[in-house]
Amino acid sequence: GKKLKELEVGVPIVYGNIAFWLGKKASEFHSHKWTVYVRGATNEDLSVVVKRVVFQLHSSFNNPTRVVDSPPFELSECGWGEFEIVLTLHFRTDVCDKPLHLYHHLKLYPEDESGPLSTKRPVVVESYDEIVFAEPSEAFFARVQNH
Ligand code: SLL
């Protein structure tokens, strides 16, 4: 399709994790419940650009490659350890053919200064970024404008 050569579209995103310690319900291998996610930084609907997010987990999980095909683009699990998660964003056909890899270090354990462990105070770690699409297709540009 036709491209709009002079333009670019920037999509602000936030990605990261929230983790709760399970307290009395904690067991050796399931001490925390966590969710890893990517979303629009000001809560815009990411499905305007993203069609699929693949979360690559540590090999100690069953089926460590998790595919999410609709928003919210997030994944929840129980575990005990921290590791790097690769989030691969696949874009809608008229947006971009090339997938984008984001790297997030899952954090479960709070820093020492933050006081005693609590099931009520989650650990949250987030990164902000902007995905910039140069020379957007007309169809894509029309869609973001109408959104
Ligand atoms: C570590 N390098 O040694 C890391 C690996 C792996 C965490 C952490 C699996 C949970 C389950 C899980 O939490 N793996 O077995 O269901 O700290």
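Biologist: Over how many bridges do strand β1 and β8 pair, and in which sense?

Modeller: Two strands pair if DSSP finds at least two bridges between them; strands (E, at least two residues) and helices (H or I, at least four) are DSSP runs, numbered from the N terminus. In this predicted model, strand β1 (residues 8-21) and β8 pair in the antiparallel sense over 12 bridges. Within β8, I131 is the bridge partner of V11.

Biologist: What is the order of the open sheet of four strands?

Modeller: The order is β5-β2-β1-β8, and the pairing is antiparallel. β5 (73-79) and β8 (123-134) are the edge strands, each pairing on one side only. From one strand to the next, the twist averages 15°; axes are lines fitted to C-alpha atoms (for helices over the stretch in contact), with angles from 0 to 180 degrees between N-to-C directions.

Biologist: How should the confidence and the numbering be read?

Modeller: Where pLDDT is low, the predicted coordinates should not be read in detail. Here the protein averages a pLDDT of 95, and 100% of the residues score at least 70. For the complex, the predictor gives an ipTM of 0.93 and a pTM of 0.94. Residues are numbered from 1 along each chain as its sequence is written. In this predicted model, local features need pLDDT of at least 70 and side-chain atom pairs count only at pLDDT 80 or more, while totals for chains, interfaces and linings use all residues.

Biologist: Which residues surround the ligand?

Modeller: A residue is near a molecule if its C-beta atom, placed from the backbone, lies within 6 Å of it. The ligand is surrounded by F29, H58, S60, F61, G79, W80, G81, E82 and F83. This shell divides into four nonpolar, four polar and one charged residue. Ala, Val, Leu, Ile, Met, Phe, Trp, Tyr, Cys and Pro count as nonpolar, Asp, Glu, Lys and Arg as charged, and the others, Gly among them, as polar.

Biologist: Is N43 buried or exposed?

Modeller: A residue is buried if 20 or more other C-beta atoms (placed from the backbone) lie within 10 Å of its own, exposed if 12 or fewer, and partly exposed in between. N43 is exposed, with 8 other C-beta atoms within 10 Å. Its phi is near 65°, a positive value in a residue other than glycine. N43 is placed in the loop between β2 (32-40) and β3 (50-56).

Biologist: Which residues does a cis peptide bond join?

Modeller: The bond joins P71 and P72, with omega about 0°. P72 is found in the loop between β4 (65-68) and β5.

Note on methods
pLDDT = per-residue confidence, 0-100.
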